[in-house]
Amino acid sequence: MWTPRLDLSRSASGEVSVRVGHELVDEYLHFLAGRARPNSLVAAGFDLKVFFTWSRLEPKDVTTKDVIAFVAAQRTPRVTRKIVRISDGGSGLSSRTVARRLSSISGLYFYLLARGDCGVATNPVPRGLATRRARRNGGRGVPLVRTPRLLPRILEPNEVDRLMAALRTTRDRAMVEAMVFGGLRRCEVLALEMSDLRVGERKVFIAKGKGGHQRLIPMSSRFFASVARYLDTERPTDAVTDAVFVVLKGQHRGQPLSAAGLRQILESARDRAGLAHGSCHELRHTCMTRLREAGMALEAVQAQAGHASIETTRIY
């Protein structure tokens, strides 16, 4: 029996590698690395580690019964740790987390089936549970895990002001402005390069959007003013990277800022501002919600957000 583990590494060129200790699963993660963002790759690796640690099975031995039992186990309240779902106050993992883990498992088995040399005959993750209506209409069954469609959590204008006032550098203000005024994702903010800033047009080119999609979006003048001050007064002159936002001090000075670094900056600012919430994604939600409230067409919000489907944008 193999022992799953999660090993993360980064090459000199910045490429992320994830391994869990099984040849077939590691080969899938290597394949996935060429198709997914680093965060998605790490999440998939973690999900597969969790599943195979729980199941203690070889990939070829997993059955649909095992997958259904895994879903039940994930929703079971934790007795050794206090885990409370923010969405409904319940215990155990949220529906969205469980659904993501099922998607990671299903992705692995679609890969193994496509290879055809792994001893896997079917994908053990069912596409849905059969219902009378589904059978009658010839459609897909209901999903194994129902994920509630919740309204986005946003910040009020005074909360945004308090958060901005609590940020300690112009670099930090520029990054927050990119999310709250432009709706950029955290990964998109960190991936910005100098050539992506279209100052004359007051636009930003998103070269590395979610799913590899690119877009050109308008951006607030406040963002460009903050970036200009940051470049003039804070960004190390000896930085050799093209990344806009870099580490300002310490042993990694001049290197691109990491996701963990941005998360820590935001958490510290929230604490100083006395805010109970305000994640990177909530800042993005705030931007899109305010654009809709201002009368922007849903299709325009979709383009600003970089959503592949307008159904995703309808939440605003």
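Strands, as the word is used here, are DSSP runs of E with at least two residues, and two of them pair if DSSP finds at least two bridges between them.

**View 1. Strand E3 meets strand E4.** In this predicted model, E3 covers residues 197–198 and E4 covers residues 203–206. The two run antiparallel and are joined by two bridges. Look for Arg 198, which sits opposite Lys 203 in E4. Four residues lie between the strands, making the pair a hairpin. In that turn you'll find Arg 202, with a positive phi of about 55 degrees.

**View 2. E4 has another partner, strand E5.** Here E4 pairs with E5, residues 215–218. This pairing is antiparallel as well, and four bridges hold the count.

**View 3. Helix H1 and its buried residues.** H1 takes up residues 23–33. Its buried residues are Leu 24, Val 25, Asp 26, Tyr 28, Leu 29 and Leu 32. An α-helix has 3.6 residues a turn, so residues three or four places apart point the same way. What do the buried residues of H1 pack against? They meet strand E2 (16–19), helix H2 (38–55) and helix H4 (95–115).

**View 4. Stepping back to the whole protein.** Altogether there are 13 helices and five strands. The protein has 316 residues, and 42% of them count as buried. Among contacts with a separation of 6 or more, 53% link residues 24 or more positions apart.

Definitions and conventions. Residues numbered from 1 in each chain as written. Predicted model: local features only at pLDDT ≥ 70, side-chain atom pairs only at ≥ 80, totals over all residues. Heavy atoms only, no water. Buried < 20%, exposed > 50% of the residue type's maximum accessible area, 1.4 Å probe, protein only. Contact = heavy atoms within 4.5 Å.
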